Amino acid sequence: MSATQTTPTVATEDAPASRLSRISRLQALQILILLVVTIAVFTALRPDTFLTGFNIRGIVQNTAIYAVLGVGMTFVIITGGIDLSVGSVLVFSGVVADKVMVWYGGQGWATVLVGLVAALASGLAWGLVNGVLVAKAKVPPLVVTLGSLSAALGFAQIITKGLDLRDAPQALVNDIGFGNIVGQVPTIAVVAAVVVVFGIVLLHRTRFGLYTYAIGSNAEAGRRSGVKVERHLIKVYAFAGLLAGFAGLLNLGFFQSTTIGGQSNTPLNVIAGVAIGGTSLFGGIGSVFGTVIGLFIPIVLQNGFIQVGVQPFWQQVVVGAVLVAVVYVDQLRRAAALRGTSPRLPFLSRAGGAGSASRKGSA
Amino acid sequence: MTVPEAAAGAAATTEDAAPLLSLRGINKSFGAVHVLQDVDFDAYAGQVTALVGDNGAGKSTLIKGIAGSQPFDSGEYVFDGHAVTVTNPKHANELGIEVVYQDLALCDNLDIVDNLFLGREVTKNGILDEATMERRAQETLAGLSVRTVKSIRQVVASLSGGQRQTVAIARAVIWNSKLVVLDEPTAALGVAQTEQVLRLVRQLADNGLAVVLISHNLNDVFQVADRISVLYLGRMAAQMKTKDVKSNQVVEVITTGRSDAIGGITNGNGELK
Ligand SMILES: Nc1ncnc2c1ncn2[C@@H]1O[C@H](COP(=O)(O)OP(=O)(O)OP(=O)(O)O)[C@@H](O)[C@H]1O
Ligand SMILES: [Mg+2]
């Protein structure tokens, strides 16, 4: 129903010139407005509890880990791929980090540093596996990462015999997981914000980001222009894996547990956030900023519903509806801007093949 | 042997200038299929050399060899006075050879500047130097007398077919290239846009570049080409000057491979071979 409202908007949009380039920004902006409106409504309904420092702190903390995953996911989806393995890689990396930190001993920063290296290495390794299989073996990303989703979780359970580990060192739990950097500003959110800013610069200001867009837009064109498409795809999946590993350590600090059974919805929630934030599942379009906004929406909704006494499960229904509406609108816009290219989701097909159809004769 | 000044534009009509690109006795096979057989081919700075021939004659194979993406099996490849061996596209680019392929290969979601510089971006401390790239893009388009694009920050998806072709061609010349090969640049275009692209092709040659134009449209060829080379079943049937021949004679060579119609095979300088 929200779709029928937006159709006329698409039709009357009369600046074909830079339509496509504006889509992601436009959508991120609309989603930002939606977020602001949502916050305003809950604030009006619960003026003394919703917009308090305490509550905001909780929301921001809950978004932080998803945001770290979302940065990597945004890059992957812009290439026309998908990464379903982030939740399992997060768990696996948390397990490895926990084991390594126990082996190293101590509760201080040295231990955390060792754990950080272990978590990053674990995440990177899975990312490389994903990347090589997608880029070199040409297995569709959906299948590759569905495989590593299963395998990484399996390994994590083998290592732990299925029982969550809870031996994160004090420094990680107290200073990063629950600590504040100043006043009421949670450290974990600041860490996530740093990752987000890094992601924004990497995506919009560097060659790495440009190649990410180029591959999602027309991999063959990139290849002929001298972009090493396979190598870049591997790097993108490795980057997403690295961030999932990092998120694994943050997760360990925040939940004081490896949360083995608790991450099955994580990849879908992150993908939903990325898509709601205006990154096209067709590849070639998107922004990290949009992703962050897109990730806030479910968390703000859940928090708000609890406060106003609506069953929090409604959040899932609303998010599902918003997701479908947003992707539908994205599809309409793309069709309008590209005048009818086939709407086939690229991550179902082989890497580098997607979106590379020649658009000869489009005049 | 080297004639650097000759390439600098003024030499456009010099009769006896040495060719910028000179191929002799080129052979190329795919498995048992002998696609190019003892092919000779020349292209001159400041001139448009049309490469024509029926479907499957070997035109694309010849230019892929020139571009290094499918290196020749044997033969002599002389560029700018030097015998070279071009085995990959990068090597060709370094020599100053650029190819605009039949299917343009632009990134729709990227804007004109991004597309012009893709693969060869200008960076400063790891950050894309957008200002410099924009300036050079403006200069290049101005140098080609392109006035049809509104903004160089427009995404390519929003451009017309002719404008897209223009971007693809500008991409090829932005790096001070010497030889530009265009594979059927007007194939998908309407009348007005074809005119626009042909003007651009002529402009490239007038700017001093050697241009090789593959086309199935003899009207286009006679409009812009200085020389015509005809491939027939993998052999060079004739190389001639446009002013020496008529359209129907060229058609005859294309369809029969026999150059009797133009009085025997010539080497493009009007001499019998
Ligand atoms: N990679 C390849 N493997 C085998 N045969 C090939 C290959 N590439 C080209 N050929 C063959 O070489 C011959 C010449 O092909 P080419 O593409 O060069 O022709 P063309 O002159 O460009 O034709 P068109 O006008 O249709 O573009 C054809 O018979 C083709 O089938
Ligand atoms: Mg061809």
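Two residues are in contact here if their C-beta atoms, placed from the backbone, lie within 7 Å. The model is predicted: local features need pLDDT of at least 70, side-chain atom pairs count only at pLDDT 80 or more, and totals for chains, interfaces and linings use all residues. Residues are numbered from 1 along each chain as its sequence is written, and chains are lettered from A and ligands numbered from 1 in the order in which they are written.

**Exercise 1.** Determine which residues Ile181(A) touches, and whether Ile181(A) is buried, partly exposed or exposed.

Solution.
- Leaving out residues up to four places away in sequence, Ile181(A) touches Thr187(A) and Val190(A).
- A residue is buried if 20 or more other C-beta atoms lie within 10 Å of its own, exposed if 12 or fewer, and partly exposed in between.
- Ile181(A) counts as partly exposed because it has 14 C-beta neighbours inside 10 Å.
- Ile181(A) belongs to strand β1 (residues 180–182) of chain A; helices (H or I, at least four residues) and strands (E, at least two) are DSSP runs, numbered from the N terminus.
- From Ile181(A) to Gly105(A) there are 76 residues in sequence and 25 Å in space, C-alpha to C-alpha.

**Exercise 2.** Describe the spans 65–97 and 109–129 of chain A by end distance and helix content.

Solution.
- In an unreviewed UniProt entry, the annotation "transmembrane region" covers several spans of chain A, including 65–97 and 109–129. Such positions are given in the numbering used here, feature names are shortened, and annotations may be inferred rather than shown by experiment.
- For residues 65–97 of chain A, the end C-alpha atoms lie 16 Å apart, with 79% helix and 0% strand.
- For residues 109–129 of chain A, the end C-alpha atoms lie 30 Å apart, with 100% helix and 0% strand.
- Chain A as a whole has 13 helices and two strands, and 53% of its 363 residues count as buried.

**Exercise 3.** Work out how strand β9 of chain B is placed and paired.

Solution.
- Five of the five residues of β9 (residues 179–183) of chain B are buried, so this strand is largely enclosed by the rest of the structure.
- Leu179(B), Val181(B) and Asp183(B) cover one side of β9(B), Val180(B) and Leu182(B) the other, and all are buried.
- Two strands pair if DSSP finds at least two bridges between them.
- β6 (residues 97–100) of chain B runs parallel to β9(B) and is joined to it by four bridges; Val100(B) has Leu182(B) as its bridge partner.
- β10 (residues 210–214) of chain B is also parallel to β9(B), with five bridges, and Val180(B) stands opposite Val211(B).
- Val211(B) touches Val180(B) and Leu182(B), among others.
- Val211(B) is also one of the residues with the most contacts inside the largest nonpolar core, which has 189 residues. Such a core is a set of buried Ala, Val, Leu, Ile, Met, Phe, Trp, Tyr and Cys residues joined through C-beta atoms within 7 Å.

**Exercise 4.** State which element supplies the largest share of the shell around ligand 1, and how the shell divides by residue class.

Solution.
- A residue belongs to the shell if its C-beta atom, placed from the backbone, lies within 6 Å of the ligand; among them are Phe30(B), Asn55(B) and Lys59(B).
- α1(B) gives the largest share, three residues.
- The shell divides into four nonpolar, six polar and one charged. Ala, Val, Leu, Ile, Met, Phe, Trp, Tyr, Cys and Pro count as nonpolar, Asp, Glu, Lys and Arg as charged, and the others, Gly among them, as polar.
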